[in-house]
Structure formats: structure tokens, C-alpha cells
Amino acid sequence: AVMQGKRTVYDTDLFVPLLWKIAELAGKKYGSDKNTDHAMRVVAEHSRGIVFLIADGVMPSNDDRGYVLRRLFRRTVLFGKRLGLEEPFLGEMVRVAIGQMGHVYPELLRRRDFILQVAGLEETKFDETLNAGLQRLEDIMAERETDRAGEISGIDAFQLYDTYGFPVELTKEIAADRGFSVNMAGFESEMAAQRERAKASHKFLTKEEEAAAVKEQLCELGATEFVGYANLQQKTSVQALLLENRLTTTIEEGQEASVVLVSTPFYAEMGGQVGDTGEVRSESARFTVTNTLRVEPDIIVHQGYVSEGILSVGDEVEAVVDRERRLDVARNHTATHLLQMALRRVLGEHVQQRGSLVAPERLRFDFSHLIPMTEEEVRQVEHVMNESIRQNYRVYAGEVPYKKAVEEGATALFGEKYGDIVRVVKICEPIISAELCGGTHVTTTGEIGFFRIVSESGVGAGLRRIEAVTGRRAETFVDERLGNLAKIAQMVGASPDNVTEKVSGLLAQLDEAQGRIRALESELARRAAESLLSQTEVIKGVTVLAARVNSFPPAVLRELGDTVRERLKSAVIVLGTIYEDRPSFIAMVTPDLVSRGYDAGKIVRQVAQVTGGGGGGKPALGQAGGKDKSKVDEALGLVRRLI
């Protein structure tokens, strides 16, 4: 602003193109009205911020930095509405921002399409709930004005947040424009209550809660020496014992407890990798390790039970990790490193790891990507993975300063905190993968054996999840699938090689048979309509038909109702049936009776309630279902009283 002789940054060449664009889209002039100028500046500044956040790997979410991004999106859309913009506009603003800054920040140009996709999806998503939320907020403020109360309650603010996706800051901002305040203490109370409800739904302690429970007891102990990268067995001694999360000197056969050793080969759960299992043995006791946790400051806790004898503090022991399980975990962990490389190669550089689970039987990998992967993309990723496995690349690790690791291109997990010295796991030379990682790995990729994706799914906006198997579990997975294929082939009288053609033929026959069944049902419905015409009665000048009919699917039941309505011209019609062992009802009211206040939706709802069900609809047509099939006749009997 100083260099260009401008009063504010918004008058500089950094913002003028953005302000011109929003002025053009809104059909308004910047500089003519204080409130309009403010709204334009919000849209311009937030649009630019959104571009950089997405380019840096942030995705919209309901917590942490993702929540900041989501708030920026929602404020931008809201202020766009204030400028009269009813159609999506963020894409235009994003293009201008990238055009302005892309020559200095080339990542904006590389990720241009991805940024546009995220912006478009988030704008559309919020726009769907914005109008309903704004109307609800207007209703709340109107009620408060009537009650002469200038405050929006915490309960109402929480409902706007929970139901309509309104950040409480947005509610405060809109309310302040109308002279209202928001009861933040009440809002925080509702948020706390929601967290408690979520917590109460979990019966067992989380890993964090388990760690916190023992941390206080172990705070005076020093860090446990971890030797598990090189060794799976270690002679050591018992440093501490915990029984029911309290320090003790001895534990006996059958007791569940926790053991802390002076040194250990057991890997403690961390970075998505599950803890090791195995056994701690002394001359007189055996302790079965079922899980391994890490608590501050770097104390490794072995959880499990005494399977034999008595174990005491100070005992000399041998710690033995379950070797086969550790190798299964290592295969899956190295596979997650290769998987990030493969996904970037197939889907694009925007892919970033968002979390993982590395267990012996499977791996789970969460990553940033906007749309479901196609079948072809899944196959391509599997091909890249298995080719990398066949190449038998070397896997090696070493400790280096954090700054040096990042400068040399090592990938850090987004949002993770790292110390000054970090462990870097590299695959191949020249390197195809380098990540900051404290987990355990195979020594060459060939040890992974085989990789197969089991599922690919969405777990949030812009967040996808792959579950996959490697090694022994991949072999079992393929055996199971081939076994199922053989069973299906046998069931349909085909060989595994031509089972697809056989099943296709059977499906075609099934479609043909279902078509014939539908035609027969329609004919039966037509004949049933003829017999129903004689069952009408007139109640206070209104023709009413309430009847039970043979078992028809919903579509045919409606067809039957349409036929009867056309024949009767003016009537209230309620038909009931039992289909797939459950009551089903349909109600129809002709237009002349709708205008007199008769409502099919209300009628069918009350009828279905007799059978323990519910439903509804519009005044001309309503549908409902029930539970108690023995009360269908009683329910239909209610129609006369309702009319």
C-alpha cells in the first residue's frame, strides 16, 4: 500500500482484480456504499485465503484448520448472498486469485483444477443448507423481538450449528447486525453435553484414556529403551507393574496387568501402527502381552495378563515379540508408504495422507481426493504397487535433523508434531518414497509379497479411504474370492471360466419373469378395482372407500388406487394390504374434496398409527406402513370415523 501510494491493501493491485470481479458478478460498484464495500472485501479476501489453504493441503472439515477453511467458505457464500449473488460464484473468484498469484506460487497453478473442485463442492454443499438456516435464524430473531428479548439462546445457536452447519461465529455476526447477542455460555454447555453423549456411547476406555490413567503412576520413571528395530527378543528386567492402573510389586497368574521394562523390543502403538504382542518370560512366570502403549515421557507399557506363575518388580526377564504378527504389520506399513506414491502417480500430486491404520490383517489409508476412484484407477494403483513389490526395492531408515529431512523432500504427515531429530524411511535409490516415520518396516519391498485393494470409499468431504491387504492376508483374500467364484459356478451349473455369461443369462430370464409377474399383478389389480366399486358408502355427502385388498407391492397398490379414483370421480379412498408380512396403506382424495379440506396424508398417517406405524404425504395422495398386521381391519375401520 505504501509503495503504490494507496490508503489500504484493498486499493492495491493485489486485491483490485478480485474486487473488480466481485463487482462485475454482483452488478454493483465498489466504493459507492460502505456496507457493499465491506461485503466485497470479505469475498475478495476470503476467496484468496481459500485458494492458498487448499493448495497447502487443508480440506474443509469440522475441526482444527479444516474448520477455519469451512468458516471462510461459509462467510464468503453468506456475504455473496448479501450482494445479491444467488448462483455459484466462488469458482470465478478462485480463477482470478490463482491468476493473480500463480506466477509467484506455482503450486496454485499445479493444483488449479483440484482447488476449483473443492471450492465448487463446498459452495454447493453449504448453499443447500444456507437458505433453510437463514430462515430458521430469522424466525428465532422474530420470536425474540416479539418476546422483547435481545438474546439468542445457547440451545438455538447449537441447533443452527448442529442441524444447519452454521458456525456460532456466523450466527453471532448475523445476529449482531440486527442488534442481538448470542448466549455463548449456553452454546458451550450444549457442545459439552454433545461431547459427553458421544463419550458415553463408548463403553471402553480409548487408548488416550488408558494412557492418561497410567501416566500419573509412571511419571517418575525414565524413558524405556526401545530396541525393536533390530531385535525381536531382548533380555531385560521389570521396572514397574500396574494392577488396575495402580502401581504394585507383584502380579499373579490370571491377573490382567501392565508391565514396564527397562528396555524392550515391543513397538508401542503410534503413528497409526498397532502395538506389538508377544510374551515376557522369567524363570518362574510368563506374561502374555496383548497390546503395547506409549505414555509420556516415552514410557512403553505392555498390557496383558499373567498366564503362568508370579512376576515381580526387579525380575530378570526375556521379552519376545510375536515375530509373524510383527512381519505382517511391517508388510502393511511399508505398503502404506508405497501406496501414497502410487496414488500420487495415478490420481495427481494433490493426494496427501490424512491418516492410517496399520494392523497385521489389513491396512487402512485415508487421503485427500474429491471424487470416488474409478475401477480403472483402482486397478492402476494395484499395478503400480505390485510392480514396485516385484522390483524388490531396498527399504532403509536413518535419523536426521527435521529441517534437513524436509529440505531433502521427505513427506511429513499433515498436522503431526515432530522433534528436532526425526527418523526417515526411504524406499529405493534413486528414492521413490521418503517419509518421516517411527514405525517398523520390511527391509525390501519384495517381502510385502502381494498387494490387493479390498475397498475404496468416502469418509468425509474431500476425503477417501482405501482398505487393502498384503502378504499372507492377501493370499487368503484371493483364495476366498476364488473359492466364492467356484461355489457360484457350481450353483448355476457353469465353470469358473464361463460363470459370467451363465449369470447374465439367468438375470435376463429373471427380468423376463418379473415382467410377466408385474403384468399379472396389474391384471389382478384391474379386476380387484371392479369389485371394490361396490364397497363404497356415502358419509355426509362424501363417497368413501376403505377396503382391504390382496397382497400387492406398493407400485401396484397405487395403480389400483388410481383406477378406482378415475372410476369414482369424487371420493376418499383408503386401501390396505399386507405385503412382505407388513401392513401397507395408500390414501387418495380427489381434487374437489381436497378443496373442502380433506387430506390424504393426514388420514393415512392416523390409519397406520393403529398398526404401530406411520407415514404421510400430500392432501391428494398419502402412503404409510405399519407393524402389526393383525390390526389392518381395525385401522381401516377408523376411516369412517375420520371422515
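Which residue stands opposite E316 in β12? I shall come to that after a word on the model.

This is a predicted model, in which local features need pLDDT of at least 70, side-chain atom pairs count only at pLDDT 80 or more, and totals for chains, interfaces and linings use all residues. Residues are numbered from 1 along each chain as its sequence is written, and side-chain values use heavy atoms, with hydrogens and water left out.

To the opening question: the residue is S237. Strand β4 (residues 233-243) runs antiparallel to strand β12 (residues 316-321), joined by five bridges. Strands here are DSSP runs of E, at least two residues, and helices are runs of H or I, at least four, numbered from the N terminus. Two strands pair if DSSP finds at least two bridges between them.

β4 also pairs with β7 (residues 256-261), antiparallel over four bridges, and there A240 stands opposite V260. With β5 (residues 246-248), β4 forms three bridges, again antiparallel. In the hairpin of β4 and β5, two residues lie between the strands, and E244 takes a positive phi near 55 degrees.

I turn now to the nonpolar cores. Such a core is a set of buried Ala, Val, Leu, Ile, Met, Phe, Trp, Tyr and Cys residues joined through side-chain atoms within 4.5 Å; buried means under 20% relative accessible area, with a 1.4 Å probe and protein chains only. The largest has 60 residues, of which I22, I54, F73, I115 and F166 touch the most other members. Helix α6 (112-146) is among the contributing elements, and α6 gives the most, ten residues. A second, separate core of 30 residues includes L343, V381, C428 and V442.

Notes:
Buried < 20%, exposed > 50% of the residue type's maximum accessible area, 1.4 Å probe, protein only.
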